[in-house]
Amino acid sequence: MTTIEFYSQLLSLEHSLLKFAYRLNLKKEDAKDLVQETFLRVLTRKDKYVDNEKFKAWTFTIMKNTFVDNYRRSLSKNMYRDQTNESFFINQTEPAGSDDPDSAYSALEITQNIEQLKDKLRIPFKMYINGYKYTEIADELNLKIGTVKNRIFLSRKQLMDQLNR
């Protein structure tokens with residue numbers, strides 16, 4: 001492929017590339033910038049293009065990779081990284097058993113409401129909150145997995161209704 005053919009094929013793809021950029025949910029200006037950046041990358045990588053490859057696919061792949069690179073770059077720019085020496089104190093969490101009287105009362109109230117559930121709802125729910133997986137609960141109680149999931153769902157729903165009163 002001659003240089004003139006290369007440039008003419010690239011220019012003929014401009015409208016298609018712009019439409020593809022819009023499909024990536026970009027604003028009009030951002031889409032045009034992406035097309036320009038794609039053109040620049042295609043031109044700088046012209047020597048890597050092999051004549052037997054499909055030019056359009058090659059160009060669109062460059063655009064997609066450019067978009068992904070820009071997206072990742074924007075994520076890392078918006079991320080704040082703490083560089084202080086006191087990061088140990090920043091990352092510490094509150095202990096699970098807080099001494100707050102309100103939280104202790106809530107835990108007691110929740111436990112009482114769980115105990116008020118019918119056995120067919122209470123037993124699978126307590127197993128679930130103790131760390132059992134759905135399959136383990138189903139095997140232990142000789143139930144189908146769908147039944148276990150349904151009973152846990154109904155338990156949660158009843159608990160929320162009781163606690164919202």
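1. Glutamate 37 and arginine 41 are both located in helix 3, four residues apart, about one turn of the helix. Helices here are DSSP runs of H or I with at least four residues, numbered from the N terminus. The side chains of these two residues form a salt bridge, at 3.6 Å from N to O; the term requires a side-chain nitrogen of Lys or Arg within 4 Å of a carboxyl oxygen of Asp or Glu. Four salt bridges are present in the structure.

2. The model is a predicted one, in which local features need pLDDT of at least 70 and side-chain atom pairs count only at pLDDT 80 or more, while totals for chains, interfaces and linings use all residues. Residues are numbered from 1 along each chain as its sequence is written, and side-chain values use heavy atoms, with hydrogens and water left out.

3. The largest pocket holds about 190 Å³ of space. A pocket is an open set of points on a 1 Å grid over the protein atoms alone, where a 1.4 Å probe fits, with protein on both sides within 12 Å along at least five of seven lines; lining residues have an atom within 4 Å of a point. Its lining includes Asp30, Glu37, Phe67 and Tyr71. Helix 3 (28-44) and helix 4 (55-78) each supply two or more lining residues, and helix 3 gives the most, with four.

4. Helix 7 (residues 119-129) packs against helix 9 (residues 145-163) at about 100°, their axes being 8 Å apart; axes are lines fitted to C-alpha atoms over the stretch in contact, and angles run from 0 to 180 degrees between N-to-C directions. Helix 7 is therefore roughly perpendicular to helix 9, a term covering 65 to 115 degrees.

Terms used: Angles under 35 degrees count as roughly parallel, over 145 as roughly antiparallel, 65 to 115 as roughly perpendicular and the rest as oblique. Grid points are joined across faces, edges and corners, and a volume is the space filled by probe spheres set on the points.
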